[in-house]
Amino acid sequence: MILKECMLIKNACYIHNKKITNGKPTGIVVHSTGANNKTLKRYVQPVSSQPYYNEVIVDLGKNIYSNHWNNYYVENNRSCCVHAFIGVNATGKIETYQTLPFDICCWGCASGSKGSYNYNPSARIQFEICEDNLNDRIYFDAVFNEAIEFCVYLCKLFEFGADKICSHREAYLTGYGNNHGDCDHWLKRFGKNMDWFRSQVKSQLNEENNTHNRKSIEELAQETIDGKWGNGTVRKNALISAGYNYSKVQKRVNEILYSNK
Ligand SMILES: [Zn+2]
């Protein structure tokens with residue numbers, strides 16, 4: 001998985017900033033965009049005030065139509081936003097971009113008969129997979145593999161199981177979203193379904209639990225100083241999702257760097 005960040009700070013949902021209770025989402029909703037355009041730049045663009053503006057534009061390319069989601073409303077004056085998008089960058093490489101902080105309620109699946117996965121007490125992380133023409137097996141395999149890895153990362157980060165993952169269609173069927181068919185319609189074209197998706201996430205979670213080589217705090221602190229765990233929130237989330245104690249590692253990093261030990 002390649003995970004990068006470009007927060008949609010101009011989107012009404014980001015500005016509204018409704019927090020998920022205790023910062024703990026209850027699961028994941030998987031969407032796909034419903035439009036034949038696999039480029040991330042269609043949806044994800046920085047605005048000039050963001051520190052990573054140049055970096056993201058170089059990576060994704062510029063959306064010359066300005067119809068991306070870093071606007072107050074998205075197309076047709078809809079209020080809409082999700083936590084991440086998966087699609088291709090300017091060179092055709094598949095990447096995941098986080099677009100909302102994970103502790104904000106997103107506006108992804110609207111409501112159903114029982115409630116909504118957008119809001120407390122059932123708020124979930126939601127992300128969109130950029131659709132192509134739905135005929136390309138290679139793109140399908142690659143983009144769903146990225147989505148599975150992203151879900152494994154989220155399951156570890158927030159300590160829930162693969163059973164807490166559903167599609168937008170399943171959210172509708174269980175009464176927590178409006179009537180959409182994504183992304184089951186796409187899975188079906190290649191003989192798959194959400195049970196398959198969850199089983200892939202589950203087996204990767206089990207595999208990593210069994211084979212994980214535990215590293216010492218000292219070892220991790222050194223790796224962190226060497227830049228292997230990124231910085232800021234990315235570092236924190238990477239260490240937590242790998243099952244390590246972030247605070248202890250960071251404390252040791254600070255000791256090494258700032259107290260001449
Ligand atoms: Zn959807």
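Q: What is the bridge partner of A84 in β5?
A: The bridge partner of A84 in β5 is F127. Helices (H or I, at least four residues) and strands (E, at least two) are DSSP runs, numbered from the N terminus.

Q: Before going on, what kind of model is this?
A: This is a predicted model, in which local features need pLDDT of at least 70, side-chain atom pairs count only at pLDDT 80 or more, and totals for chains, interfaces and linings use all residues. Residues are numbered from 1 along each chain as its sequence is written.

Q: Back to A84's strand. How many bridges join β3 to β5?
A: Three bridges join β3 (residues 84–88) to β5 (residues 125–129), and the two strands run parallel. Two strands pair if DSSP finds at least two bridges between them. F85 of the chain stands opposite E128 in β5.

Q: Which sense do β3 and β4 pair in, parallel or antiparallel?
A: Antiparallel, over five bridges. I86 has T96 as its bridge partner in β4. β3 and β4 form a hairpin with five residues between them, and G92 in the turn has a positive phi of about 90°.

Q: Is β3 buried or exposed?
A: Five of the five residues of β3 are buried, so the strand is largely enclosed by the rest of the structure. A residue is buried if 20 or more other C-beta atoms lie within 10 Å of its own, exposed if 12 or fewer, and partly exposed in between, with C-beta atoms placed from the backbone.

Q: Which way do the residues of β3 point?
A: A84, I86 and V88 point one way, F85 and G87 point the other way, and all are buried. In a regular strand the side chains alternate between the two faces of the sheet.

Q: What order do the strands of the sheet have?
A: The order is β1-β4-β3-β5-β2-β6, in an open sheet of six strands with mixed pairing. β1 (3–5) and β6 (165–167) stand at the edges with a single partner strand each, so one side of each has no neighbour in the sheet. From one strand to the next the twist averages 25°; axes are lines fitted to C-alpha atoms, for helices over the stretch in contact, and angles run from 0 to 180 degrees between N-to-C directions.

Q: And β2, how many of its residues are buried?
A: Five of its five, so to speak mostly covered, over residues 28–32. I28, V30 and S32 are buried on one side of β2, and V29 and H31 on the other.

Q: What does β2 pair with?
A: β2 pairs with β5 in the parallel sense over five bridges, and three bridges join β2 to β6, also parallel. S32 has I129 as its bridge partner in β5, while V29 stands opposite C166 in β6.

Q: Switching to helices. At what angle do α3 and α8 cross?
A: Roughly 85°, and the axes of α3 and α8 (residues 232–241) come within 8 Å. That makes α3 roughly perpendicular to α8 (angles under 35 degrees count as roughly parallel, over 145 as roughly antiparallel, 65 to 115 as roughly perpendicular and the rest as oblique).

Q: Which residues meet there?
A: Y153, K156 and L157 in α3 meet N237, I240 and S241 in α8. Contact here has C-beta atoms, placed from the backbone, within 7 Å.

Q: Where is R137, and is it buried or exposed?
A: R137 lies in helix α3 (residues 137–158). R137 is exposed, because 9 other C-beta atoms lie within 10 Å.

Q: What joins N120 and P121?
A: A cis peptide bond, with omega about 5°. N120 lies in the loop between β4 (94–98) and β5, and P121 is found in the loop between β4 and β5 too.

Q: What does N120 touch?
A: Not counting residues up to four places away in sequence, N120 touches I20, T21 and C105. N120 is partly exposed, with 16 other C-beta atoms within 10 Å. The C-alpha atoms of N120 and K19 are separated by 8.6 Å, though the two are 101 residues apart along the chain.

Q: What joins D182 and C183?
A: A cis peptide bond, with omega about -10°. C183 is in the loop between α4 (168–173) and α5 (184–189).

Q: What phi does N22 have?
A: A positive phi of about 55°, although N22 is not a glycine. N22 lies in the loop between α1 (12–16) and β2 and counts as exposed, with 8 C-beta neighbours inside 10 Å.

Methods:
Contact = placed C-beta atoms within 7 Å.
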